[in-house]
Amino acid sequence: MTTAVPSDNRAILTYRISFTAGPDLDGTLDRLSGSDTADSSYYHGLPEPKGSVFAGQYRHTNDPEKQTVNLLANAILERLGCDDDHYLAEILAQVTGGSIALYSDKGPCHSCRALIRQFLKDYPMIASFVVTYRKKDGRGNAIRALEPAGGNLHGSYGYEDAVEANGLWCKVLR
């Protein structure tokens with residue numbers, strides 16, 4: 001079984017980020033594959049690997065997981081008043097904690113998993129980052145924790161070591 005076409009993926013990211021001063025930043029970001037990405041470009045994910053049909057291309061620009069994580073990073077930087085990457089390292093200490101829950105229909109692909117790892121590396125003070133995704137497709141067919149991408153896409157969706165929680169696959173990253 002292969003997953004549905006890439007354009008039918010939805011990601012919902014719910015977050016609460018704490019700072020040394022001022023109010024918490026909290027909210028929900030909801031994106032669909034193919035949404036405009038003009039405001040979401042801090043993290044790029046990974047290009048397709050050598051030997052794949054689309055080697056070197058960034059095929060995951062419109063993935064909603066990528067978009068929501070980028071939009072959250074943008075919101076944090078705006079809250080901190082940062083518009084310069086060189087200044088970023090100095091002001092990240094103002095982020096004192098937080099929790100993030102990312103729901104995705106398919107689970108993140110190889111590129112989005114790398115993007116999430118980079119985000120967590122940049123924001124080590126985030127205490128909780130939980131990814132959940134569906135165990136069944138729209139027709140009720142089972143989806144494995146790590147589902148092959150299918151078609152000309154490289155890799156897979158989800159996490160091999162995800163566990164079942166409340167009828168969904170769940171991976172706790174922190």
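Strands here are DSSP runs of E, at least two residues long, and helices are runs of H or I, at least four residues long, both numbered from the N terminus. Two strands pair if DSSP finds at least two bridges between them.

This is a predicted model, in which local features need pLDDT of at least 70, side-chain atom pairs count only at pLDDT 80 or more, and totals for chains, interfaces and linings use all residues. Residues are numbered from 1 along each chain as its sequence is written, and side-chain values use heavy atoms, without hydrogens and water.

The average pLDDT (the predictor's confidence in each residue, from 0 to 100) is 86, and 89% of the residues score at least 70. Residues 1-6 fall below 50.

S7 and S8 form a hairpin with two residues between them. In its turn, Asn166 has a positive phi of about 55°.

A nonpolar core is a set of buried Ala, Val, Leu, Ile, Met, Phe, Trp, Tyr and Cys residues joined through side-chain atoms within 4.5 Å; buried means under 20% relative accessible area with a 1.4 Å probe, protein chains only. The largest core has 34 residues. Ile17, Leu72, Ile76, Ile100, Phe119 and Tyr123 touch the most other members. Elements giving two or more residues include strand S1 (10-19), helix H1 (64-80) and S4. H1 gives the most, seven residues. A second, separate core of five residues includes Cys112, Ala149, Leu153 and Tyr157.

Notes
Contact = heavy atoms within 4.5 Å. Buried < 20%, exposed > 50% of the residue type's maximum accessible area, 1.4 Å probe, protein only.
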